[in-house]
Amino acid sequence: MSIDKAIAALKASLGDQVTTASSVRNLHGQNESYFAPTLPDAVVFPRSTADVQAIVRICAAENCPIVAWGTGTSLEGHALAIQGGISLDMSQMNAVLEIHTEDLDAVVQPGVTREQLNEDLRATGLFFPVDPGANASLGGMAATRASGTTAVRYGTMRENVMAMEVVLADGRVIRTGSRARKSSAGYDLTKLMVGSEGTLGIITELTVRLQGQPEAISAATCAFESIEETVNAVIQAIQMGLPMARIEFIDEVSVQCLNRYFKTDMPETPHLFLEFHGSRASVAEQAEMMGSIADEFGGRGFDWSDKPEDRNRLWHMRHNAFYAQKAMRPGCYAVTTDICVPISKLAEALTGARAAIDAAGLTGPMLGHVGDGNYHAAILVDPEDASEMDRAKEVAHQMAVHALALGGTVTGEHGVGLGKKRYMAEEHGDGWQVMGLLKKSLDPQNILNPGKTVEVN
């Protein structure tokens, strides 16, 4: 391996698109979780697929690691260059290339963020529905198979990416999928690349599904006395087929965080935040039905509104809940989880998680996209307190093991990266070895995001 030779060749080929400045390297060595900063040897800013192809070929010739970088919002250390090499910052490949209003799809470069795309779509009456909260890049969202608050209605990135252009580890450019709504032609390489976390190829173009803006949108909040009652209301709503666009669980500790951070006065008990999409009549009917379900399970203060300012205020709080949680302990690290279980097991998983956090003497607010059985804990720890960090990691481990025992997964949406790699053999069995074989076949030198997601022997 000769990283220095690769960087010299990249500078000769791409000029000022390559930097070794410490400030830029430092930025690309950070992460939003508790992993130690890890600086790449250089940062490269491609502007086209041809640039990416040239970069990959140079790095392959020198056996230099390449770690793709979107906006840096991932939570499992995906974009850290743990074996050195280059950070491939895709932010300058940020063009919305085509919008096909009649077919409800768009073609974009990977550096386009979800907010940027929806701003471009504003005049068309369409929108891109996947909403992980952070203003992440679409390439990064595809790479980590992101989902978020609207997945219960519109699905995750797996359902919303139709086709891709990808640069492989040897510099070949392939196209996966098409703009057709279905196909039976061969292996589904698009789905293989979605969620591969930059270990199989570098995404340089995506075709994504769009949705029509609903005629009416309303949002609601409701407080409950316990986790069990909150989750049972969700289960009842799902079983009745209530077509909610968002249904978010907020536990009492998270409500405390939101109240302090946003100066609100919500009752400090578990809550649901909800949103309904449809015609004006159907939205009112959905809200009324959900209010009746909430009442059946002891919900109180069911309050719904179709005013945009009320909706925006509610979802601004939810999208910034992570920062509200971290503000409870300034300077803390957050050991995050993203468990997903069958919805019938959700109350058991949540109450077990709360008991484990409390028994360890830790602060750990919880919330989640409970309409699809997904919840998060942000266990707040003092980075200088090794005991707290050890206890937090042990609690996160207990939650992961419990999720698998309940027939769930250790990561519903954050992905594997570094943090969840230890559970892959238990979750997938021999299937994890097959993933390793796929990695070795497509990237025999192991230069694409090495050390993440899979093991290569």
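Let's start with helix α14. Helices (H or I, at least four residues) and strands (E, at least two) are DSSP runs, numbered from the N terminus.

A word on the source. This is a predicted model, where local features need pLDDT of at least 70, side-chain atom pairs count only at pLDDT 80 or more, and totals for chains, interfaces and linings use all residues. Residues are numbered from 1 along each chain as its sequence is written, and side-chain values use heavy atoms, with hydrogens and water left out.

Back to α14. Which of its residues are buried? They are L346, A347, A349, L350, A353, R354, A356 and I357. Buried means under 20% relative accessible area, exposed means over 50%, and partly exposed is in between (1.4 Å probe, protein chains only). What do those buried residues pack against? The partners are α9, β13, α10 (252-262), β18, β19 (374-381) and α15. Contact means heavy atoms within 4.5 Å. After α14 comes G361, with a positive phi near 70°.

I227, T230, V231, A233, V234, I235 and A237 are the buried ones. They pack against β13 (244-250), β14 (271-278), α11 (280-296), α14 (346-359) and β18 (366-368). G241 follows α9, and its phi is positive, near 75°.

How do the helices meet? Take α9 and α14. They pack at about 155°, with axes 9 Å apart. That makes α9 roughly antiparallel to α14. Axes are lines fitted to C-alpha atoms, for helices over the stretch in contact, and angles run from 0 to 180 degrees between N-to-C directions. Under 35 degrees counts as roughly parallel, over 145 as roughly antiparallel, 65 to 115 as roughly perpendicular, and the rest as oblique. The crossing is right-handed. That term applies if the near helix is turned clockwise from the far one by less than a right angle; anticlockwise is left-handed. From α9, I227, E228 and V231 meet L346, A347, L350, T351 and R354 of α14. By class, that contact has five nonpolar, one polar and two charged residues. Ala, Val, Leu, Ile, Met, Phe, Trp, Tyr, Cys and Pro count as nonpolar; Asp, Glu, Lys and Arg are charged; the others, Gly among them, are polar.

Next pair: α14 and α15, the latter being residues 386-405. Their axes come within 10 Å and cross at roughly 160°. So α14 is roughly antiparallel to α15. This crossing, too, is right-handed. E348, A349, A353, A356 and I357 of α14 touch V395, Q398, M399 and H402 of α15. The classes here are six nonpolar, two polar and one charged.

Last, two loop residues. N63 is not a glycine, yet its phi is positive, near 55°. N63 sits in the loop between α3 (49-62) and β3 (66-69). Is N63 buried or partly exposed? Its relative accessibility is 28%, so N63 counts as partly exposed. E197 is not a glycine either, and has a positive phi of about 60°. Its loop runs between α8 (189-193) and β10 (202-209). E197 has 6% relative accessibility, so it counts as buried.
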